[in-house]
Amino acid sequence: MTDSELIREIKDGNAELYSELMTRYQRKILAFIYHMLKSAKLELLAEDLCSETFYKAYKSLHSFREMDATFATWLYTIARNTVLSELRKQKMAHVSLDETGSPVASPDHAPEQMALRKERMAMVRDAINNLPEKQRSALILREYDQLDYQEIANILGQTVSSVKSLLFRARASVKSQLEPYFGETAVIEEYEGMKTR
């Protein structure tokens with residue numbers, strides 16, 4: 001049964017079929033949310049926000065129109081908006097707790113910071129580009145395209161355990177290449193920041 005058929009059945013009152021839609025998309029949506037939350041170090045909220053996403057989608061399913069978007073696109077949009085809303089809430093809570101009068105960065109420093117950020121991004125790209133081809137491919141498919149281990153294994157013609165090993169070695173290599181320049185924390189932040197761009 002296609003997504004469209006399932007949605008028609010659900011709209012006609014066969015609500016228990018919604019679990020089939022959830023099964024189809026839960027892993028991808030959870031991974032997407034986890035990825036979005038990671039740079040804010042809020043990964044622990046991923047499962048809650050995933051559940052909230054599916055709840056919102058169910059409550060709004062009557063307004064879903066196939067001619068506007070696929071169900072997957074519509075669901076990813078709800079997930080994204082749910083995460084952005086949570087990040088705004090977290091930011092507001094953080095600001096209210098941290099309002100100690102710390103100085104705001106001068107706008108005069110913005111060009112310098114942008115130049116530094118560009119330089120760091122280039123170094124991360126170079127580190128990734130220095131990886132052996134299979135490690136680089138596995139890392140990009142996993143971290144940037146959000147594919148699961150089995151999908152990567154199929155693409156690279158490897159076993160799942162080989163893919164996990166490739167990813168482990170790739171991450172260790174990137175970290176060791178960048179750590180002398182940035183320090184461990186900065187490497188992680190820059191690497192995570194690259195994935196959102």
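Tutor: Leucine 21 touches Asp3, Leu6, Ile7, Ile10, Phe54 and Phe71, leaving aside residues up to four places away in sequence. Please bear in mind that the model is predicted.

Student: What makes these pairs count as contacts?

Tutor: Two residues are in contact if heavy atoms of theirs lie within 4.5 Å. Leucine 21 is also among the residues with the most contacts inside the largest nonpolar core, together with Tyr25, Ile29, Ile33, Leu61 and Phe71. That core has 26 residues.

Student: Which elements give two or more residues to this core?

Tutor: They are α1 (3-11), α2 (18-38), α3 (46-60) and α4 (71-98). The largest share, eight residues, comes from α2. A second, separate core of 17 residues includes Leu131, Leu139, Leu156 and Leu167.

Student: Why is such a set of residues called a nonpolar core?

Tutor: The name requires buried residues of the listed nonpolar kinds, joined through side-chain atoms within 4.5 Å. As a general background, nonpolar side chains tend to be buried together in soluble globular proteins.

Student: How is the packing of α1 against α2 described?

Tutor: Their axes are 9 Å apart, and the angle is about 145°. α1 passes α2 in a left-handed crossing. Asp3, Leu6, Ile7 and Ile10 of α1 meet Tyr18, Glu20, Leu21, Arg24 and Tyr25 of α2. By class, these residues are six nonpolar, no polar and three charged.

Student: What makes α5 roughly antiparallel to α8?

Tutor: The axes of α5 (residues 110-129) and α8 (residues 160-182) cross at roughly 150° and come within 9 Å. The cut-off for roughly antiparallel is over 145 degrees, so α5 is roughly antiparallel to α8. Their crossing is right-handed. Arg120, Met123, Val124, Ala127 and Ile128 in α5 meet Val174, Gln177, Leu178, Tyr181 and Phe182 in α8. The classes here are eight nonpolar, one polar and one charged.

Student: How do you know whether serine 161 is buried or exposed?

Tutor: Serine 161 lies in helix α8. Its relative accessible area is 53%. Exposed means over 50%, and serine 161 is therefore exposed. Serine 161 and glutamine 150 are eleven residues apart in sequence, and their C-alpha atoms are 9.5 Å apart in space.

Student: What is the secondary structure of the chain, and how much of the chain is buried?

Tutor: The chain has nine helices and zero strands, in the order α-α-α-α-α-α-α-α-α. Of its 197 residues, 32% count as buried, the cut-off being under 20% relative accessible area. Among contacts between residues at least 6 apart in sequence, 58% join residues at least 24 apart.

How values were computed:
Residues numbered from 1 in each chain as written. Predicted model: local features only at pLDDT ≥ 70, side-chain atom pairs only at ≥ 80, totals over all residues. Heavy atoms only, no water. Buried < 20%, exposed > 50% of the residue type's maximum accessible area, 1.4 Å probe, protein only. Helix = DSSP H or I, 4+ residues; strand = E, 2+ residues; numbered from the N terminus. Axes fitted to C-alpha atoms, helices over the stretch in contact; angles between N-to-C directions. Parallel < 35°, antiparallel > 145°, perpendicular 65-115°, else oblique. Left-handed = near helix turned anticlockwise from the far one by under 90°. Nonpolar A, V, L, I, M, F, W, Y, C, P; charged D, E, K, R; others polar.
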